[in-house]
Amino acid sequence: MFKKKSIYLDYAGATPLDPSVARRMSSYKGGFFANPSAIYKDGVKVRGVIEESRSKIAQLINAHSDEIIFTSSGTESDALAVLGVVKEWNIKNKNIIPHIITIKIEHPAILLNCKFLEENKEAEVTYLSVDKEGIVDIEELKDSLKENTILVSIMYANNEIGSIEPIQEIAKVIRHFRKERKNIFPLFHTDAAQAMNYLFTENIEKLGVDLMSFNSSKIYGPKGVGVLYKKRGVNITPLYQGGGQEFGLHSGTESLKLITGITEALVVTNKIKEKESERLIKIRDYGIEKLLSLSKNSGYKIILNGGREFRLPNNINISIAGISSELLVIELSSCGIFVSEKSACHSDSGNSSYVIKAIRKICKKGEEEEGSLRISLGRQTTKGNMDTLVRNLGQILLKYKSIYNL
């Protein structure tokens, strides 16, 4: 009855369902259960709603309807992009091992599929370094491009530290390389899951990518649905066979509710993107300053991971030396404050963050155990939430300083 109101600060992990999205999804019931592949009246009616949604998403990113593929998640969209391109290449070029370029701080949905291809000798992979702010080295990218490079996959914004990669600059390098080769390769893919709420995605041509992944659960839509944008003229092979839905690339009966959900979520996101970004940048910067100031009172060394300028509006990531990030997450949770440690998609591995290692060039024994707290803001976050977070975190740090006589 007197339960304290919780403060949710893990919007990079998952977002709540937007009310307008919930209303749109609930409006399709009763007669909208038919299989959209059926040619009778009710099936055609469902198909019409799905195609209307496909067309709407295409409009929102300035693409063509036949360039939008619905999947079950951002992870599947990533896998379809990477594995689909390589499978297509290997079918047609059996004697040439393809080469992929990605970055060391890429999402596991890309990294693990790249490692799978390496281990099975289906591709060779170059993992580009990033600087201390998490930004890719463009010169290293240029030097890494080879005759057999068929794919460059670099995320638009990092899911842990919020670093924003220079996607349009990368696209320009790739276009120049393709022009010199007089070839369509390498293709350029970006994982835009964390970017859709805040960064420029309204014109896919200007962005310069051939493939782009995003999902619904990061943009206040339902879980269980994602999108892969695939430019016309780009050929990929499906990961599995089935009924041939989604242009033969993602077989399985489409979910009308999930598809209308992600569509409405993107409509809302695009409408409020600019104002929401401006609002969150102010809260983010206020929060960063308050959190770093805890060093003085608590005696703990607190480090901001990533830069200030090229950072997502909703991302704060800090490391606190000498105390477990998992412990801090549990202690904050008991106070009704929900943050994450490392990446939400990697949080149960028990391993230290490869992203933090990459930006800090950690090498001393024991330093990798430091971990990090990811505090990600969203539409319900207020400046007052930052004050509450800082106050509670400060009390927790002083508590453990006293216990361990630090």
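**Sheets, helices and cores of a predicted model**

Strand β7 (residues 211–215) and strand β8 (residues 226–230) run antiparallel and are joined by five bridges. Strands are DSSP runs of E with at least two residues, helices are runs of H or I with at least four residues, and both are numbered from the N terminus. Within this pair, Ser-213 has Leu-228 of β8 as its bridge partner. The structure is a predicted model, in which local features need pLDDT of at least 70 and side-chain atom pairs count only at pLDDT 80 or more, whereas totals for chains, interfaces and linings use all residues. Residues are numbered from 1 along each chain as its sequence is written, and side-chain values use heavy atoms, with hydrogens and water left out.

Strands β7 and β8 belong to an open sheet of seven strands with mixed pairing, in the order β2-β8-β7-β6-β5-β3-β4; two strands are taken to pair if DSSP finds at least two bridges between them. At the edges of this sheet are β2 (68–71) and β4 (124–128), each of which pairs on one side only. On average, neighbouring strands are turned by 20° against each other, direction ignored. Helix α2 (residues 41–60) packs on the sheet and touches β2, β7 and β8, and its direction makes about 120° with that of β2. Contact here means heavy atoms within 4.5 Å; axes are lines fitted to C-alpha atoms, for helices over the stretch in contact, and angles run from 0 to 180 degrees between N-to-C directions.

A further open sheet has four strands with antiparallel pairing, in the order β9-β10-β13-β12. Strands β9 (302–304) and β12 (340–341) stand at its edges with a single partner strand each, so one side of each is left without a neighbour in the sheet. Three bridges join β9 to the antiparallel strand β10 (residues 315–320), and Leu-304 stands opposite Ile-318 in β10. Helix α12 (residues 383–403) packs on this sheet, where it touches β9, β10 and β13 (373–376); the direction of α12 makes about 10° with that of β10. In total, the secondary structure of the protein comprises 12 helices and 13 strands.

Buried residues (under 20% relative accessible area with a 1.4 Å probe, protein chains only; exposed is over 50%, and partly exposed lies in between) make up 57% of the 406 residues. A nonpolar core is a set of buried Ala, Val, Leu, Ile, Met, Phe, Trp, Tyr and Cys residues joined through side-chain atoms within 4.5 Å. The largest such core has 92 residues, and Met-212 and Ile-320 have the most contacts inside it. Helix α8 (residues 256–292) supplies the largest share of this core, 10 residues. A second, separate core of 24 residues includes Leu-83, Cys-114, Ile-150 and Leu-151. Beyond four places in sequence, the residues touched by Met-212 include Ile-61, His-189, Val-227 and Leu-228.

Glu-276 is located in helix α8. This residue counts as buried because its relative accessibility is 11%. Leaving aside residues up to four places away in sequence, Glu-276 touches Tyr-198, Gly-378 and Arg-379.

The mean pLDDT, the predictor's confidence in each residue from 0 to 100, is 94 for the protein, and 94% of its residues reach 70 or more. Over residues 363–369, however, pLDDT stays under 50, and the model has four contacts for this stretch beyond four places in sequence. Where pLDDT is low, the predicted coordinates should not be read in detail.
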